[in-house]
Every structure is written in structure tokens, then in C-alpha cells.
Amino acid sequence: MPPAGSALPTAPPRLISQKVMNLEALQRIASRGIPWGGGMRALVWKLLLGYLPEDRDSWDGALVEKREAYAKLRSELILNPSESGGEQGGAADGPLERREIPDGDHPLCLGEDSIWHRYFQDAEIATQIDRDLERTHPNSRFFAGDSKSSRINRESMRSILLLFAKLNPAVSYVQGMNEVLAPLFYVFSSDPDAQQASDAEADSFFCFVSLLSNSVDHFCPHLDNSPKGILSTLADLSQLLKANDEELWRHLELSNKVRPQFYAFRWITLLLTQEFGLPAVIRIWDALLGNPSGVQEMLLRVCCAMLLCVRRELLEGDFMANVKLLQSYPRVDLERLLNVAGQVVTPQSRGPT
């Protein structure tokens, strides 16, 4: 893996040139949309996700440490067993001697501690990941197709997702995680600083872990009813809509019986990556990452705003029409949507009635 190199894009804005980053100011900028794009967005996202420290003098050391740690994890946990265990690497002065294979390292060994047993388990997860990666942004040359670059990108994402699954066996890999990873990997790989782009795999892994840290319970069916489970979050969305538009809430949930479970499960678990095109998702994620109260709080605001922005159609629709509308969300003015999200009132912030 190449050395860390410089983490600083060329000709940075004054805010990024400071010795200690002002995260509150960065949040405000991100919430309005990072205007300069490119490497600046990659840098700001890394700062907002806590991957880079606030002290800019610590950036290079932190990057070297994290990237070396990722390389070590990758080499230890994602390895073909047929390539491990030998002591006869390199050139030999004489004929190679037959090497005895311990019982536990034999491909036919069924023991749970066998390296091959674990390899075959990983292969099952990898197959599922590969299937999902083939469907990730199928119209984008960055992710899809048979070009060398798209294959390399999919292989890097495959390694990230497989490593996450191995390090988090209680969660493992769940369909849709590929969609959550895609914007991070795209932004970091698109950094005009080639040195930074070359380390997009390691950077994306740690930022992916950070991004999922507050929502990983949404991927665990056995935690659906927990305080941080998906059903609790869907209930929060319902209450948020009721607090902002009780007429619409009554129409959807009482008259039409259109529960958030019918449309918002995917919105929330996949951070809206399936409802909008990639450029729009990246702009929405600027707002999510720039929210001082956290990604999940802003995510629910955006979901509520999505309902408010199609209010007229929903009030005119019946059960089937509204479910169809919300499961295939129509094109809307993105900046208007985010402006509405910023004005959404949370139940806790409302004054006494």
C-alpha cells in the first residue's frame, strides 16, 4: 500500500488551511452543500466522520496508522488458505520437499476451527456480496461493466464488505450495505489527489464503519424491537410527521393504513441511496454528515420532508396509489427538499400546546 502522502488538497479554502479544524463551521458548510467538490468533499467527509483528527498536523500520521492497520487486517483475514501456512517462499537451492498438511488445514476437514471451513463460509458471504455489487449503480461506469477500473472498484468494495462481515459476525453482511458503501468509495476514489485516491479502500472501510456505528441495529432482525431497532426508528418518523402535518399523518396512517414500514424501511436502512441518483445522494449526505445532531436525526428530517414535498399527491391518493408513489419516489427539487427538511420541527423542540 502506498505511503500516506499529503492529505491536503491544492489551493484549499481558508477554513481548511487552519491548524485546528472548526468542525461546527465545516458542518454549516456541508449542510448547505460542499461547493468545491472533488478532493475537498473527500477531506470534509473524513473530518466529519471522525476519520481525520481536528489537528491538521496529525493528519499524515493518522492516515499512515489507519491505512497500515487496514492492510494488516486485510492480509490476516482475507486470505486464501492455499496461500498460507508454508515456510518455503522464495527461491530454493535444491528440490522442494513435500510438505505435510496438518489435519486442520486440509480442504476436506469439516472442523469449525479449520482454516478451510472458515474460508468456505467466507466464500458464501463473498458470493452474496458479489451479486449485490453487480447491481450497484448499474448505469455508472465507475461501478458497473467489464472495464479494468470498474472491476478493480468492485474488488475493493468486496474486500471492505467482507472484512466488515468478518469483524462483525453478529451482523455479518446484509444486502444493501453495498449501497451504503458506494457513495463513500466513489467520493474518496474520485479525489483528484492520486495519492489519496489510491488509498480509497482503506479510508472507505473506516468511514463505512463509522457511518454504520449508530444505525447497525437497523440491519439486525433480532433487534427490530430494540430502542435503536428499525421499528423504533420508523415509529419516530411517524411521530415526526404527526408533529409537522397531522392532517397528512391521519390520512396516511389512519385513513389509508399506509404505515412507514411499507415505504420508509429502505429509506432509513440504506440512507436514501436507492431513492435518488448518485449525485443527489452525495448532496443529501453532505446534509446528513453536516448535521450537528447526527446523521440519523437529519435522515428522519429528510424522510419527513419527502412526505411533505408530495403532500398534495398523497392526500389525493388511496392505499395503492400512495404505496406506489412512496416506493418509487418521484423527482423533486433537491434543494427545496433539503430546505423543507431543515424546517421540520421535532416533537421535542415544540413548545407547549
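Student: Which element gives the most to the lining of the largest pocket?
Tutor: Good place to start, and keep in mind that this is a predicted model, where local features need pLDDT of at least 70, side-chain atom pairs count only at pLDDT 80 or more, and totals for chains, interfaces and linings use all residues. Residues are numbered from 1 along each chain as its sequence is written, and side-chain values use heavy atoms, leaving out hydrogens and water. Two or more lining residues come from each of α9 (200-212), α10 (230-244), α13 (278-289) and α14 (295-309). With 4 residues, the top contributor is α14.

Student: What volume does the largest pocket have?
Tutor: A pocket here is an open set of points on a 1 Å grid over the protein atoms alone, where a 1.4 Å probe fits and protein lies on both sides within 12 Å along at least five of seven lines; lining residues have an atom within 4 Å of a point. Points are joined across faces, edges and corners, and the volume is the space filled by probe spheres set on them. For the largest pocket, that gives about 520 Å³.

Student: How many charged residues does the lining of the largest pocket have?
Tutor: The lining has 23 residues, with Asn 214, Gly 294, Val 295, Gln 296 and Glu 297 nearest the pocket's centre. At least three come from each of domain 1 (28-79 + 111-214) and domain 2 (221-343), with bounds from an automatic or database domain assignment. Ala, Val, Leu, Ile, Met, Phe, Trp, Tyr, Cys and Pro count as nonpolar, Asp, Glu, Lys and Arg as charged, and the others, Gly among them, as polar. The lining splits into 9 nonpolar and 11 polar residues, while the charged ones number 3.

Student: How many helices are there in the protein chain?
Tutor: Helices (H or I, at least four residues) and strands (E, at least two) are DSSP runs, numbered from the N terminus. The chain has 0 strands, and its helices number 17.

Student: How many residues of α7 are buried?
Tutor: Helix α7 (residues 177-189) has 13 residues and reaches 18 Å between its first and last C-alpha, close to the 18 Å expected, taking 1.5 Å times one less than the number of residues. Buried means under 20% relative accessible area, exposed over 50%, and partly exposed in between (1.4 Å probe, protein chains only). Met 177, Leu 184 and Phe 188 are among the buried residues of α7. The helix is largely enclosed by the rest of the structure, because of its 13 residues the buried ones number 12.

Student: What relative accessible area does Leu 271 have?
Tutor: Leu 271 lies in the loop between α12 (264-269) and α13. Its phi is near 55°, a positive value in a residue other than glycine. Leu 271 is buried, with a relative accessible area of 2%.

Student: What distance separates the C-alpha atoms of Arg 158 and Leu 133?
Tutor: Arg 158 lies in helix α6 and is partly exposed, with a relative accessible area of 30%. Leaving aside neighbours within four places in sequence, Arg 158 is in contact (heavy atoms within 4.5 Å) with Ala 126, Ile 129, Asp 130 and Leu 133. Although Arg 158 and Leu 133 are 25 residues apart along the chain, their C-alpha separation is 7.6 Å.
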